[in-house]
Amino acid sequence: MTKPFSSGRALRFLIALMTVLVAAPAFAAGNPEADELALSPEWKAPNQEEARQRAQEVVPLIEAVVDECQLCRQQRLRDVGLGVKDIVHSYFLLESPIIKKREDHYGPVRFMHTKHAAAIQDCAICHHARPADPSAKETVRCSACHQEAFRTDHPERLGLKAAYHQQCIQCHRDKAKGPVDCAGCHPKNVPDHKELVKLGANPEPWDVTEECLRCHAAAGEDMLATAHWLWKGHSAYTLNQQKKVIHGKGTTAINNF
């Protein structure tokens, strides 16, 4: 039988609703798990300085990891009981010196660790491998396994910048939630080039390249040694080619243009 909605119950419901409406904005303002997309560029977490100091740490590279399938990894994490409740640091600034020593075009990414973990409910997506050392922690930071790009001692590993971008952008696309462009995650460190670039009307492609090289000659030299130019290098996500250093144009790949 349906219970009548008395005036007393209506009053209690109204008081509870008003409490939620008043408390919610205050909670969001003080909570680092608030939606970062709604945060202003000037917003800083209460533990911002702690996160900045943590971002400057460079940990030793983990040489050997347990190579297992995602289902096996998920089961391992379930077996040891790790989950959102075990997160130690809920907020990170992604600003590693490993990346900064190569380039410094963008500011740090404000990463809400607990918020992402609670939304995904699958730690194995990001913590997809563990150290082979049985005494090591079950989950480690990204930079413990991903550091400089193109390491000849670990050709199968992505560099830290590529690992961040591949993981974050692909997940945002899959879930149709979160930014997928540079400015969506990073504040810019790059000056506005409108006043810097000197090109005539209707420039040819090589005119544009020449104008870029006028200021970025070193970057041009670096590019000539990359897999983008040489079409040779390891292919971390090509089946049975993960540890092939010579894999590219003129070897095992097909030139598609």
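Here are some notes on a predicted model, point by point.

1. Let's start with the charged pairs. A search of the whole structure turns up 14 salt bridges. Opposite charges on side chains can pair when the charged atoms come close. The group I'd look at is a network of salt bridges linking Arg52, Glu95, Lys100 and Asp104.

2. Take Glu95 and Arg52, whose side chains form a salt bridge at 3.7 Å, N to O. Glu95 sits in the loop between strand E2 (91-94) and helix H4 (97-100), while Arg52 belongs to helix H2 (residues 48-55), so this pair ties together parts that are 43 residues apart in sequence. As for cover, Glu95 is buried, at a relative accessible area of 17%, and Arg52 is partly exposed, at 30%.

3. Glu95 has another partner: a salt bridge joins Glu95 to Lys100, with the closest N and O atoms 4.0 Å apart. A salt bridge here needs the nitrogen within 4 Å of the carboxyl oxygen, so keep that cut-off in mind when you read the 4.0 Å given for Glu95 and Lys100. Lys100 also meets Asp104 in a salt bridge, at 2.6 Å, N to O. Lys100 is partly exposed at 25% relative accessibility, and Asp104 is partly exposed as well, at 43%.

4. Next, helix H3 (residues 70-80). Which of its residues are buried? Arg73, Gln74 and Leu77 are. They span an arc of only 100° around the axis, so they end up on the same side of H3. The background is plain helix geometry: with 3.6 residues a turn, residues three or four places apart point the same way in an α-helix. Leu71, Arg78 and Asp79 are exposed on the other side of H3.

5. What do the buried residues of H3 pack against? Their packing partner is strand E4 (130-131). Just after H3 comes Gly81, with a positive phi of about 75°.

6. A polar atom of the His113 side chain lies 2.9 Å from the backbone oxygen of His89. Setting aside neighbours within four places in sequence, His113 is in contact with Ile87, His89, Ser90, Tyr91, Phe92 and His127.

7. Last, the surface. Leu196, Val197, Leu199 and Val208 make a nonpolar patch of about 280 Å². One of them, Val197, lies in the loop between helix H7 (182-185) and helix H8 (205-215). Val197 is partly exposed, with a relative accessible area of 36%. Patch residues need over 30%, so Val197 qualifies on that count with its 36%.

Technical notes: Residues are numbered from 1 along each chain as its sequence is written. This is a predicted model: local features need pLDDT of at least 70, side-chain atom pairs count only at pLDDT 80 or more; totals for chains, interfaces and linings use all residues. Side-chain values use heavy atoms; hydrogens and water are left out. Patches are made of residues with over 30% relative accessible area and no salt bridge: like charges are joined within 9 Å, nonpolar side chains (Val, Leu, Ile, Met, Phe, Trp, Tyr) within 5 Å. Accessible areas come from the Shrake-Rupley method with a 1.4 Å probe; for residues, only the protein chains shown count as cover. Helices (H or I, at least four residues) and strands (E, at least two) are DSSP runs, numbered from the N terminus. Buried means under 20% relative accessible area, exposed over 50%, partly exposed in between (1.4 Å probe, protein chains only). A polar contact is a pair of N or O atoms within 3.5 Å; within protein, one must be able to donate a hydrogen and the other to accept it, and residues adjacent in sequence count only if both atoms are side-chain atoms. Contact means heavy atoms within 4.5 Å. The arc is that of the directions from the helix axis to the C-beta atoms.
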